Amino acid sequence: MAVTATDGIVSGTVDVPAYVDRQPVGAFQIRVLLVCAAVLFIDGFDTQAIGYVAPAVAQEWKLARGSLGPVFSAGLLGLMIGALIFGPMADRIGRRRIILASTLVFGIGTLLTVFAVDTTWLIALRVLTGLGLGGAMPNAIALISEFSPHRRRATMVMIMFAGFSIGAALGGLLAAAMIPAFGWRSVFLVGGLVPLLLLPFLFKALPESIRFLAMMGGRDREVANLLQKIAPGVSFAGNAKFVVQEPKLSGLRVAHLFAEGRASVTVLLWVVFFMSLLDLYLLSNWLPTVLNDLGVSVSGAAAIGAMLQVGGVVGTFTLGQFIDRFSFRALSLTYLGAAVAVAAVGMASHSIVLVTIAIFASGFCIVGGQIASNALTATFYPTAIRSTGVGWALGIGRIGSIVGPLIGGVMLARDMGPQPLFGAAAVPALIAAAAAFVLARRG
């Protein structure tokens, strides 16, 4: 047990998670949150960019309606592989290294997309970009969760993840302004240069996970320095030892997702992620194209489509405290609202005003629900497999995000109208709501 001397010097054995849980959220944690939010801001911009430029690419290359589906899915395949590989890797070598390496990879991949001349090159470069994007996200989630007190963990993760939604929304607004003036390649030029320019700042400002350092052992001085930043005015004696009261876990990290009673929760989380991301990427990739088909200009379609992410930003800031308090019960209700909102997009397609409101509501529930799912998943798994748990949930979810655009492409290629398209898209949200309800009943 830790002993605190009267002069503010802590000695003995310090339980790091318990110590962090007793602290208020301070300036240092907010700085870490903002750094991770900056990474996800660029991640969101680069992930969604292809959906916003799709109508312009199809026009320039004279592509058939729905033929960019494989390009959308190629990027999501990279995201899936990146999440599945780099999540477990980070549990071994640290969150910080993987975030830095991932940012470098997706910056290079996005920048090279400027030089794509056909769909073959575009598919290859979207896979490369996706590898980096997929590696950054689960580790940013794990990192901020491990610096946050338990009572505020979901809120902190969700606020941090708002960076993704803001980046995705800004991508649509920038695309609307840049494509008519500079062409669709300018969107990828910005999306590639910004993360590469940000890397030196990340290298200096991004700390390693405090829980990861404590579990590694032999890093007491680094842990003490981080704890002093979390609790200014407190210092630690040279003999202080820092521990995490969790098993270290050896062997294959993924196997531990199904051990010690975690199997059913893991499977249910995967169902939520699969259905949620299927819906999110079907909508985000095809909304601009559907709106363009309804007579909205390319730039107007990008701007209205961005309301999906704007709604997500509002949902993220609104839902955080409810998720911390009501957990999976709040998540289930959020996805139920998503099903209603998505179906309303198809029914309101005759009116620009109504369809914009429905898209905003869809983003509020689907993006907000997905970010809440990320936060709850990070809270459920122990430190030794947190990045693995989040990474594999996102990786399995990415299968849904690959399937979603393909389904949308097939339905559009068959000239199905907005009502059947978005009516079908409401079903995955209902399934996610049911899985979250079962999780709530278990807990």
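1. Ser351 is placed in the loop that runs between helix 13 (328-347) and helix 14 (352-380). The structure under review is a predicted model, and the remarks below should be read accordingly. With a relative accessibility of 18%, Ser351 counts as buried, because the cut-off for that class is under 20%. A polar atom of the Ser351 side chain lies 3.2 Å from the backbone nitrogen of Leu354.

2. Ser327 occupies the loop between helix 12 (307-326) and helix 13. Its phi is positive, at about 55°, although Ser327 is not a glycine. Most residues other than glycine have a negative phi. The relative accessible area of Ser327 is 26%, so this residue is partly exposed.

3. Lys62 also has a positive phi of about 55° and is likewise not a glycine. This lysine sits in the loop between helix 2 (27-61) and helix 3 (69-93). Is Lys62 buried or exposed? Its relative accessible area is 73%, and Lys62 is therefore classed as exposed, the threshold for that class being over 50%.

4. Thr129 belongs to helix 5, which spans residues 119-146. Its relative accessibility is 0%, so Thr129 counts as buried. Which backbone oxygen does the side chain of Thr129 reach at 2.9 Å? That atom is the backbone oxygen of Leu125. The side chain of Thr129 also reaches the backbone oxygen of Gly109, at 3.4 Å.

5. When neighbours within four places in sequence are left aside, Thr129 is in contact with Phe106, Gly109, Thr110 and Thr113.

6. Asn292 is part of helix 10, which covers residues 263-293. At 24% relative accessibility, Asn292 counts as partly exposed. Apart from neighbours within four places in sequence, the residues in contact with Asn292 are Pro55, Gln59, Ser297, Val298 and Ala301. Of these, Pro55 and Gln59 have numbers that fall within helix 2 (27-61).

7. Asn292 and Arg386 are 94 residues apart along the chain, and their C-alpha atoms are separated by 41 Å.

8. Turning to the chain as a whole, the protein chain contains 16 helices and four strands. Its radius of gyration is 22 Å, close to the 22 Å given by the globule rule for 443 residues, so the chain is as compact as a globular protein of that length. Along the principal axes, the C-alpha atoms fill a box of roughly 70 × 45 × 40 Å.

9. How much of the protein chain counts as buried? The share is 59% of the 443 residues. Among contacts with a separation of 6 or more, 84% are between residues 24 or more positions apart.

Terms used: Residues are numbered from 1 along each chain as its sequence is written. This is a predicted model: local features need pLDDT of at least 70, side-chain atom pairs count only at pLDDT 80 or more; totals for chains, interfaces and linings use all residues. Side-chain values use heavy atoms; hydrogens and water are left out. Helices (H or I, at least four residues) and strands (E, at least two) are DSSP runs, numbered from the N terminus. Buried means under 20% relative accessible area, exposed over 50%, partly exposed in between (1.4 Å probe, protein chains only). A polar contact is a pair of N or O atoms within 3.5 Å; within protein, one must be able to donate a hydrogen and the other to accept it, and residues adjacent in sequence count only if both atoms are side-chain atoms. Contact means heavy atoms within 4.5 Å. The radius of gyration is taken over C-alpha atoms; the globule rule is 2.2 Å times the number of residues to the power 0.38.
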